[in-house]
Amino acid sequence: MANIIINADLKKGKINKNIYGNFAEHLGRCIYGGFWVGKDSDIPNINGIRKDVVEALKELKIPVLRWPGGCFADEYHWKDGIGPAESRPKMINVHWGGVVENNHFGTHEFFELCELLETEPYICGNVGSGTVQEMREWVEYMTFDGESPMANLRAANGRKEPWKLTYFGVGNESWGCGGNMRPEYYADLYRRYAAYVRNFGDNKVYKVACGPAGEDYNWTEVLMREAGRFMDGLSLHHYTVPGTWAKKGSATSFEENEWFVTMKKALHMDEIITKHSTVMDKYDSDKRVALIVDEWGTWFDVEPGTNPGFLYQQNTVRDALVAGINFNIFNNHCDRVQMANIAQTINVLQAVILTEGSKMVLTPTYHAFKMYTVHQDAELLELDIRSPKYTLGDESLPQVTATASVDSEGKIHISLCNLSPNEFAEVECELRGTDKASVTGTVLTADKMNAHNTFEDPERVTIKDFDGAAIAEGKLKVKLPAMSIVTLEVK
Ligand code: AHR
């Protein structure tokens, strides 16, 4: 039995809706074929952007979308992606499969996509191979309202009004694909580049510095010490990889030991955030600088027969659990984590949507996102959990993880993940500080660990109404199916 106490009158801070953000890179079929098919395509589109994808993603209320990379960002020269499509230069996407990038999806198309999705753009600038001037001019191009070389160029390309741009990343993985830098060197470069990322008019840019990979606490230490006062956010990248980087494991063909290790590695996000946050506290005890987890998710071997550079993988109920575990962790760290962006929205890594030509399928991860929309901008509630163990061999993990919040209408939402693929979990939850007594819910679960949605069978793993919860005398009792996510609404 899992025992939970929720103090409905103890609010611990706002869960920034940006925790439910996404990431879309020029990688494989994320942009081309995923978001973008071009105006002349037979696939229904709005100025080249797929209609079915926009409709599906609007349901997720994606608050923020990171673009254009990733490793691609530090190869990207934004001026190649403006002006008449036919005269945009072609380039090689060296990181991702060496394919030709025709630059048909550029700044204007990205902002149009964001407008259609009603999402905030989060742009990552090029530090690795770009100049300070190039970065400065991009920000001027996007945000300056008036007479200037870049504003005039934007107007000549059909957009007189500037766009609003809040989130801007100064380089990506500068410790790796973004330049193989040492933290001391990047900290200085960050200070220089960021100085020229200007606030034009009343557009105030929120600057995100390249942060650590996984457990690199020294990177955080140096960045916070040398450049903390010049940044609004520090990024963190951490993927859930069940095997090694050379042999990560299959997305769909796995045994319980791989399920177990995937859950264990997903839970590890909690320790990573806690430790980076402790380092940040040394320099920023008020938590002014946010931790921005702008790449996270599962990373498996590519699907057999697909381009290894395209990072295309299927997505099962296991991925949904990884999403739920991470959402619970991000919510519960909402004092420091102000944004997270799953990698990546379509056809790449832990995608929420898969496409094939005109066909589209929503993954279990899509449904997990949908079930957690209720926590966006809600107030985190104090929650204490004592969970039974999920044991395999001589290792154990907590079987149940949870988060709770109260929204602006006073409705309480509790999300629970049962990590065991075999056992249901009984949960008894004491609801303190409220007399609300009615509960409804939804559930995402499956009959097999590797259950997934395909173009032929798109509804195998989907959200269902949940009737396994009841409240009596201030106690909420829940029976969680094996390998499930449940979100409850108490009102
Ligand atoms: O998401 C795929 C890649 O993973 C990104 O381009 C890079 O930033 C990270 O290494």
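**Exercise 1. Find which residues of helix α2 are buried, and what they pack against.**

Step 1. Start with the term: buried means under 20% relative accessible area, exposed over 50%, and partly exposed in between (1.4 Å probe, protein chains only). Helices (H or I, at least four residues) and strands (E, at least two) are DSSP runs, numbered from the N terminus.

Step 2. Go along α2: Thr-107, His-108, Glu-109, Phe-110, Phe-111, Leu-113, Cys-114 and Leu-117 are buried. That is eight of the eleven residues in α2 (residues 107-117), a mostly covered helix.

Step 3. Look at the partners. The buried residues of α2 pack against helices α1 (51-58), α3 (132-143) and α4 (149-156), and against strands β4 (49-50), β5 (64-67) and β8 (120-125).

Step 4. Check what follows: after α2 comes Glu-118, with a positive phi near 55 degrees.

A word on the source: this is a predicted model, in which local features need pLDDT of at least 70 and side-chain atom pairs count only at pLDDT 80 or more, while totals for chains, interfaces and linings use all residues. Residues are numbered from 1 along each chain as its sequence is written, and side-chain values use heavy atoms, with hydrogens and water left out.

**Exercise 2. Describe the surroundings of His-237.**

Step 1. Is His-237 buried or exposed? His-237 has a relative accessible area of 6%, so it is buried.

Step 2. List its contacts (heavy atoms within 4.5 Å). Leaving out residues up to four places away in sequence, His-237 touches Arg-66, Asn-172, Glu-173, Pro-212, Ala-213, Gly-214, Asp-294 and Glu-295.

**Exercise 3. Locate the nonpolar cores.**

Step 1. A nonpolar core is a set of buried Ala, Val, Leu, Ile, Met, Phe, Trp, Tyr and Cys residues joined through side-chain atoms within 4.5 Å.

Step 2. The largest such core has 121 residues, and Phe-35, Phe-168 and Trp-296 have the most contacts inside it. Helix α7 (residues 256-283) gives the most to this core, namely ten residues.

Step 3. Now pick Phe-168: among the residues it touches are Tyr-122, Met-135, Trp-138, Val-197 and Val-208.

Step 4. There is also a second, separate core of 27 residues, including Val-439, Ile-471, Val-478 and Val-490.

**Exercise 4. How many helices and strands does the protein chain have?**

Step 1. Count them: the protein chain has nine helices and 26 strands.
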